[in-house]
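Subject: Structure handover

Hello,

Here is the structure for you to look over. Please open it first and keep it beside these notes while you read.

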Amino acid sequence: MSSSEAADSEGRPADIRAVPVRRPGRWLAGAIVLIIAVAIVHSVATNPRFEWHVVGSFLTDERILEGLRVTLELTVIAMAIGIALGVALAVMRLSPNPLVSGASWLYIWFFRGTPVLVQLLFWYNIAALYPKIALGIPFGPAIVNADANTLITPFTAAILGLGLNEGAYMAEIVRAGIISVDEGQSDAARSLGMTRLQTMRRIVLPQAMRVIIPPTGNETISMLKTSSLVSVIAVADLLYGAQIIYSVNFKTIQLLIVASVWYLACTSILYVGQHYLERHFGRGAGREEPLTLMQRVRLGLFTRHEEGT
Amino acid sequence: MSTPMVKAEAVHKRFGRHEVLKGIDLEVAPGAVLCLLGPSGSGKSTFLRCINHLEKINAGRLSVDGELVGYRDDGEKLHELREAEVARKRARIGMVFQHFNLFGHMTALANVACAPIYVKGLARDEARARARELLDRVGLADKHTSYPSQLSGGQQQRVAIARALAMQPKLMLFDEPTSALDPELVGDVLEAMKQLAAEGMTMIVVTHEMGFAREVADEVVFMDDGLVVEAGPPAELLERPRHERTRAFLSKVL
């Protein structure tokens with residue numbers, strides 16, 4: 001018996017302390033990554049053409065901040081429309097009425113099957129198709145009449161394009177969530193006398209949230225970036241603000257960096273938010289409490305990976 | 001004799017081309033406890049689901065408390081009932097499932113209180129007060145705030161019984177209520193059911209618990225392959241089955 005196998009006072013054997021296997025490959029890979037990182041940082045920091053002072057001076061330019069506000073507004077409104085529409089479409093899709101579920105299928109097919117940029121341009125030019133927009137009885141008298149060009153401003157067109165497109169994607173996400181809820185739940189709800197709608201609203205949808213939330217977070221992050229497409233229909237969003245400035249001073253790269261910094265900042269905040277939202281809705285479903293972001297970072301930094309891969 | 005609580009005449013049910021019920025005839029008197037026995041796939045559960053219209057029957061007549069299930073008869077034609085009417089009738093029939101089917105996002109108390117609030121429009125406080133009483137009655141006084149995932153199978157099933165009772169049903173359907181439970185937890189659930197039977201509830205119980213059937217049932221029905229093979233008082237059917245098929249089944253489960 002060697003000393004390393006000595007038992008402690010309770011007769012429990014001591015933890016094994018073996019000489020670890022040497023892993024030169026890991027050191028080599030780490031060194032290569034480090035060298036590349038240093039090279040990139042060095043080049044970015046020393047290349048005078050980046051003109052970081054220009055980036056700094058435009059970071060809080062009024063036009064940039066105004067654009068950022070529009071971008072955030074677009075993201076929130078388009079996502080709200082997308083989620084509401086997605087829930088409606090998903091419930092329709094699961095309807096026993098073939099016309100209703102067919103309509104939902106057709107909608108999703110159309111809006112997922114055409115590029116969102118094309119849809120944005122389409123809404124922007126809707127006045128060419130319908131110069132007058134009237135609200136009233138179908139094929140009957142109109143109650144409200146409006147000129148399409150005044151009703152559909154670039155901002156409205158952007159909201160319509162992004163929101164209606166998002167609805168199609170959200171519909172599929174919500175549908176997946178609804179399907180993930182055990183059928184026994186609706187059996188039980190209906191046996192208690194709840195109607196189909198009550199069952200959906202009170203029992204199924206709340207439980208579908210756990211499956212719906214994570215991809216919805218992804219969609220929101222994606223929407224924040226996709227909204228930059230609206231600059232082509234002259235909506236003064238973050239990217240458009242940058243474009244306006246560089247069309248005058250020709251500091252194209254610097255202003256694109258400014259826009260990127262803001263996009264990155266916003267997506268990072270959303271990323272953290274999504275992480276905590278997932279943690280919240282995953283509660284009770286997993287085996288053990290998932291770690292918070294900070295706990296994960298701390299663990300990653302301060303523990304050595306001792307076990308083998 | 002008074003109107004039977006459940007009356008089935010030649011009830012047929014098909015799933016696609018597969019015939020699950022091939023003509024079920026039976027009657028349950030008010031206040032009676034009927035146990036349905038039979039091998040799996042014999043149509044017991046399907047029949048139970050037909051009684052509260054979770055499944056539509058294809059042929060025959062099925063009525064609860066003198067009213068057709070799912071239809072209105074004007075003497076000439078059958079009219080399908082609206083969803084709201086079906087829901088209203090279901091509300092008076094409690095159902096307990098093999099896998100409990102408690103609502104996972106609600107506490108035990110909310111599980112019991114929710115249907116009276118949503119369906120009957122009962123005031124929140126009153127519904128919760130009654131839910132507390134019901135949970136106490138099934139022996140879960142200390143579990144009001146627990147979520148289903150924090151309860152044992154036996155506790156979950158007793159919450160499910162309380163949930164069904166919260167709607168003040170006139171008929172209770174039990175679909176293999178103890179089949180998914182660890183043996184040591186079966187007793188508590190059966191105890192709650194016995195208590196219910198003693199209070200005069202009309203019950204139809206699909207079960208493999210022969211002891212329960214013997215002790216509590218007024219009538220035992222043996223089903224096989226979508227048909228009622230034989231029916232009778234438990235002492236008779238369980239001790240002296242007349243049919244070979246019943247004998248073979250009982251010799252395997254007893």
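Predicted model: local features only at pLDDT ≥ 70, side-chain atom pairs only at ≥ 80, totals over all residues.

Contact between the chains

The size of an interface is often given as the accessible area lost when the parts come together. Between chain A and chain B, the buried area is about 1,800 Å², with carbon and sulfur atoms giving 58% of that area. Chain A puts 19 residues into the contact, and chain B puts in 24 residues. One salt bridge is counted between chain A and chain B. In it, the side chain of Asp187(A) meets that of Arg49(B), with an N to O distance of 2.9 Å.

Salt bridges overall

Side chains of opposite charge can pair when their charged atoms come close. Over all chains, the count is 20 salt bridges. One of them, within chain A, joins Glu51(A) to Lys251(A), and their closest N and O atoms are 3.0 Å apart. Glu51(A) sits in the loop between α1 (24–46) and α2 (52–58) of chain A, while Lys251(A) sits in the loop between α11 (238–249) and α12 (252–281) of chain A, so this pair ties together parts that are 200 residues apart in sequence.

Helix packing in chain B

Two packed helices are described by the angle between their axes and the distance between the axes. Two pairs, which share helix α5(B), are set out here.

In the pair of helix α4 (residues 124–137) and helix α5 (residues 153–165) of chain B, the axes come within 9 Å and cross at roughly 135 degrees. That angle makes α4(B) oblique to α5(B). The crossing of α4(B) with α5(B) is right-handed. On α4(B) the contact is made by Leu134(B), Leu135(B) and Arg137(B), and on α5(B) by Val159(B), Ala162(B) and Leu165(B). Five of these contact residues are nonpolar, none is polar and one is charged.

In the pair of α5(B) and helix α6 (residues 183–198) of chain B, the axes come within 8 Å and cross at roughly 20 degrees. The helices α5(B) and α6(B) are therefore roughly parallel to each other. Here too, α5(B) passes α6(B) in a right-handed crossing. From α5(B), the residues Gly153(B), Gly154(B), Gln157(B), Arg158(B), Ile161(B) and Leu165(B) meet Leu185(B), Asp188(B), Val189(B), Ala192(B), Met193(B) and Leu196(B) of α6(B). This contact divides into seven nonpolar, three polar and two charged residues.

Regards

Conventions
Residues numbered from 1 in each chain as written. Chains lettered and ligands numbered in written order. Heavy atoms only, no water. Axes fitted to C-alpha atoms, helices over the stretch in contact; angles between N-to-C directions. Helix = DSSP H or I, 4+ residues; strand = E, 2+ residues; numbered from the N terminus. Parallel < 35°, antiparallel > 145°, perpendicular 65-115°, else oblique. Left-handed = near helix turned anticlockwise from the far one by under 90°. Contact = heavy atoms within 4.5 Å. Nonpolar A, V, L, I, M, F, W, Y, C, P; charged D, E, K, R; others polar. Buried area = accessible area lost by both parts, 1.4 Å probe. Salt bridge = Lys/Arg side-chain N within 4 Å of Asp/Glu carboxyl O.
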